[in-house]
Number of protein chains: 2
Amino acid sequence: MKILVVEDEPKTGDYLKQGLAESGFVVDLARNGPDGLHQAGSEDYDLVILDVMLPGLDGWGVLRALRKEGRMMPVLFLTARSQVEDRVKGLELGADDYLVKPFAFAELLARVRTLLRRGRATEPEVLRVADVELDLMRRRVHRDGKRIDLTAKEFLLLELLMRRHDEVLPRSLIASQVWDMNFDSDTNVIEVAVRRLRAKIDDGYETKLIHTVRGMGYVLETPDAR
Amino acid sequence: MKILVVEDEPKTGDYLKQGLAESGFVVDLARNGPDGLHQAGSEDYDLVILDVMLPGLDGWGVLRALRKEGRMMPVLFLTARSQVEDRVKGLELGADDYLVKPFAFAELLARVRTLLRRGRATEPEVLRVADVELDLMRRRVHRDGKRIDLTAKEFLLLELLMRRHDEVLPRSLIASQVWDMNFDSDTNVIEVAVRRLRAKIDDGYETKLIHTVRGMGYVLETPDAR
DNA sequence: CCCCGGCTGACATCGACATTACAATTGGGT
DNA sequence: ACCCAATTGTAATGTCGATGTCAGCCGGGG
């Protein structure tokens, strides 16, 4: 289990690192926000412990940036303040738990264990069709091993197409699943969305995966036709 | 809602059975792969929960055998391992979801409910006549194992002919089913449509399936009829 | 051998879809 | 508070394929 601690106060940082290491975790330590973000992006941590008050980029900023990159590992916040609004803000941004300084190490350890257990239960589910991988938890997509950044809508659409690959999906279905509209047909959102998705996952590849079936809908089709 | 749990560890198995039963499901339990397979084949379950590691025949084997028998109910995999390749292997074989042990029961329940809701959405409804297969869901057609692309109208027409194979369908009927016209007889759309369909499913095959009955209409005739 | 129903290929057209540009909205960064 | 960039929806225009029409041909049964 690898944990990243982002903490600027040397004493607290060292203390955490040592304590967690003694409890059997592999621990890396970053001393400021930007370093922490960079570190979190370069390796796969099972958990991040974030101080709210950090030089350069505060805890919220780090968290926001992480989530934006699609890093969905659990995050434990450390804060000196106990105001409700801070807590709310953090939770809205996807912090998984909160700990108010000062705290007992045993308390921290208990929460860490809880978060890691929860994290396991939500183990990433990976959809794979042809050479495309879609990681639902990390919200990441690769084709032929190359990372592809998708927007929220694009991701939803691709997820649908992959879950039901080789099946022609009528536009009405797509509309109800990806948007929640009952198909006010005087719009072409779907075509545009498909276009944008194609630009990212099909353009530049020899074998196209997304196919149009006139008068019926769209399919994501595996290259092999029985 | 009937669920089959295939799990060899007595503790886990009983735990699941009891928990699911308390949640209102009818649950059967099999303790090994072959039993599970046999059980799944003998009754209609809405969902199967499969442990990957089983004595005799592992989870993948069971899943594969089930699919081969045409049992398309959703399958939830339980695995102690978290390696990516295991997940991928399962998903490729058609597992619908994954859960890594240990897991919270609430998590399991949530996934079970999701899968049941999704239900038999992925079960292919397939019409078969002679060596032609028409998959209504995927909107795909094969003859003699070879894929055939049809347009919307062609598909409708073939569907009608297959649903009522060995029956002579008068043009008026075809007109009303495939087009929604009351047979303005000064058109030959039907002939043209039949021609185009023949080009795709009969041309190049020894045994023709679509036959004209002068003055009456068209039939899709199985070679062994009469 | 002729006639009528059906067959066939060519062509026209209409609409579904593609594509691009632009506007509206959102949310982060200064 | 403002600006910038990214995302998403809207609109206008282009393209192409599915489908209908037509004109001529074919062939079986009288």
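User: What makes α8(B) stand out in the surface near DNA strand C?

Analyst: In this predicted model, α8(B) gives the largest share of that surface, five residues. At least two residues each come from α3 (59-68) and α8 (189-201) of chain A and from α8 (189-201) of chain B.

User: How do you know which residues surround DNA strand C?

Analyst: A residue is near the strand if its C-beta atom, placed from the backbone, lies within 6 Å of it. There are 19 residues around DNA strand C, and the closest are A:E191, A:R195, A:T212, B:E191 and B:T212.

User: How do the residues of this surface divide into nonpolar, polar and charged?

Analyst: Asp, Glu, Lys and Arg count as charged. The division is eight charged, seven polar and four nonpolar residues.

User: Why are β6 and β7 of chain A called paired?

Analyst: Pairing requires at least two bridges between two strands. Strand β6 (residues 126-129) and strand β7 (residues 132-135) of chain A have four bridges, in the antiparallel sense, so the two strands count as paired. In β7(A), A:D135 is the bridge partner of A:V126, and A:L134 stands opposite A:L127.

User: What lies between β6(A) and β7(A) in their hairpin?

Analyst: Two residues separate the strands of this hairpin, and A:A130 in the turn has a positive phi of about 50°.

User: Why are β6 and β9 of chain A called edge strands?

Analyst: The order in this open sheet of four strands is β6-β7-β8-β9 (chain A), with antiparallel pairing. β6 and β9 (146-148) of chain A each pair on one side only, and they are the edge strands. From one strand to the next, the twist averages 25°.

Conventions: Residues are numbered from 1 along each chain as its sequence is written. Chains are lettered from A and ligands numbered from 1 in the order in which they are written. This is a predicted model: local features need pLDDT of at least 70, side-chain atom pairs count only at pLDDT 80 or more; totals for chains, interfaces and linings use all residues. Axes are lines fitted to C-alpha atoms, for helices over the stretch in contact, and angles run from 0 to 180 degrees between N-to-C directions.
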